[in-house]
Amino acid sequence: MRLDRLLANLGVCSRSECRNLLRAGRIGVNGAVRARPDTDIPENAEITLDGKRLDTRLTRHLMLYKPAGILTAAEDARQKTVMDLLPPMYRHLGCMPVGRLDKDTTGLLLLTTDGEMNHRLLSPKRHVDKVYLAHVDGALDENDVKAVAVGIDLGDFVSLPAKLEIVSPDTGRLTLREGKFHQVKRMFAALGKPVTQLHRCAFGPLRLDEALLPGAFRELTGEETAALYRAADMEK
Ligand code: URA
């Protein structure tokens, strides 16, 4: 990638500001300050601004605590999306949500720049578990646990066997590997106990970081990233 585009994508400066910074000798590439804006920057090059090394990683993975009232979408003309909760750099780098949570659903949303991993994590054949805490209108019982374990006929498909744990009469923890449109709400509705509140606590090997407040995000740690690539059957 060209130096000026890289710096613009990382939110360091605009492409025209880059020219000025270069002229002023404020940007270094592998120790030299003579680079041109169109210099092709190899992976792992050391880029500095005023002597300080910049974080130039193009591949990023984020965990976001999605609050209620926000759309899971790359963009929307009228409504706020999860991308509006992140610094613009992540959009420029091509970060995209992995799957979606409904507007009123809260909890763990993974975003990544790695399109291949994104695609693989969503495939039902990869068995990536998603864990939801559902508050329902009604009292959950052992019949519901059995129905979820067998699979529920939702008309257009039968849900794959999943696990329901009763946390309290009106709260269930549901672990499933599918992620069809409104699936959790449809499953509880089919049991006659509609969801009143839905929260995702886990996605594959990731648990929602308890230190995050609704609307906040952080980049994944090296360990979390490695676990995610393993879950996607990818070598990294
Ligand atoms: N299932 C749903 O019904 N809604 C969500 O947001 C996620 C899973």
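Visitor: Where does the ligand sit?
Guide: In the largest pocket. Keep in mind that this is a predicted model.

Visitor: Which residues surround the ligand?
Guide: Leu 101, Asp 102, Thr 105, Tyr 132, His 182, Gln 183, Val 184, Lys 185 and Leu 198.

Visitor: And how does that shell split by class?
Guide: Four residues are nonpolar, three are polar and two are charged.

Visitor: Which helix gives the most to the shell?
Guide: Helix α6, residues 183–190. Three residues of the shell come from α6.

Visitor: What about polar backbone atoms? How far is the ligand from the one in Lys 185?
Guide: An oxygen atom of the ligand is 3.0 Å from a polar backbone atom of Lys 185. For Val 184, the ligand atom is a nitrogen, at 3.2 Å from a polar backbone atom. For Gln 183, a ligand oxygen lies 3.5 Å from a polar backbone atom.

Visitor: How much of the ligand does the protein bury?
Guide: 95% of the 240 Å² that the ligand exposes when taken alone.

Visitor: Switching to strands. What is the order in the open sheet?
Guide: β1-β2-β3. These three strands pair antiparallel.

Visitor: Why is one side of β1 and of β3 left without a neighbour in the sheet?
Guide: Both stand at the edges, β1 at 27–29 and β3 at 52–53. Each has a single partner strand, so one side of each has no neighbour in the sheet.

Visitor: How many bridges join β1 to β2?
Guide: Three, and β2 covers residues 47–49. Gly 28 has Thr 48 in β2 as its bridge partner.

Visitor: Now β8 and β9. How many residues lie between them in the hairpin?
Guide: Two residues. β8 spans residues 163–168 and β9 spans residues 171–176.

Visitor: Do they run parallel or antiparallel, and how many bridges join them?
Guide: Antiparallel, with five bridges.

Visitor: Which residue of β9 is the bridge partner of Ser 168?
Guide: Thr 171.

Terms used. Residues are numbered from 1 along each chain as its sequence is written. This is a predicted model: local features need pLDDT of at least 70, side-chain atom pairs count only at pLDDT 80 or more; totals for chains, interfaces and linings use all residues. Side-chain values use heavy atoms; hydrogens and water are left out. Two strands pair if DSSP finds at least two bridges between them. Helices (H or I, at least four residues) and strands (E, at least two) are DSSP runs, numbered from the N terminus. A residue is near a molecule or strand if one of its heavy atoms lies within 4 Å of it. A polar contact is a pair of N or O atoms within 3.5 Å; within protein, one must be able to donate a hydrogen and the other to accept it, and residues adjacent in sequence count only if both atoms are side-chain atoms. Accessible areas come from the Shrake-Rupley method with a 1.4 Å probe; for residues, only the protein chains shown count as cover. On a 1 Å grid over the protein atoms alone, a cavity is a set of points where a 1.4 Å probe fits but cannot get out, and a pocket is an open set with protein on both sides within 12 Å along at least five of seven lines; lining residues have an atom within 4 Å of a point. A molecule sits in a cavity or pocket if more than half of its atoms lie within 2 Å of its grid points. Ala, Val, Leu, Ile, Met, Phe, Trp, Tyr, Cys and Pro count as nonpolar, Asp, Glu, Lys and Arg as charged, and the others, Gly among them, as polar.
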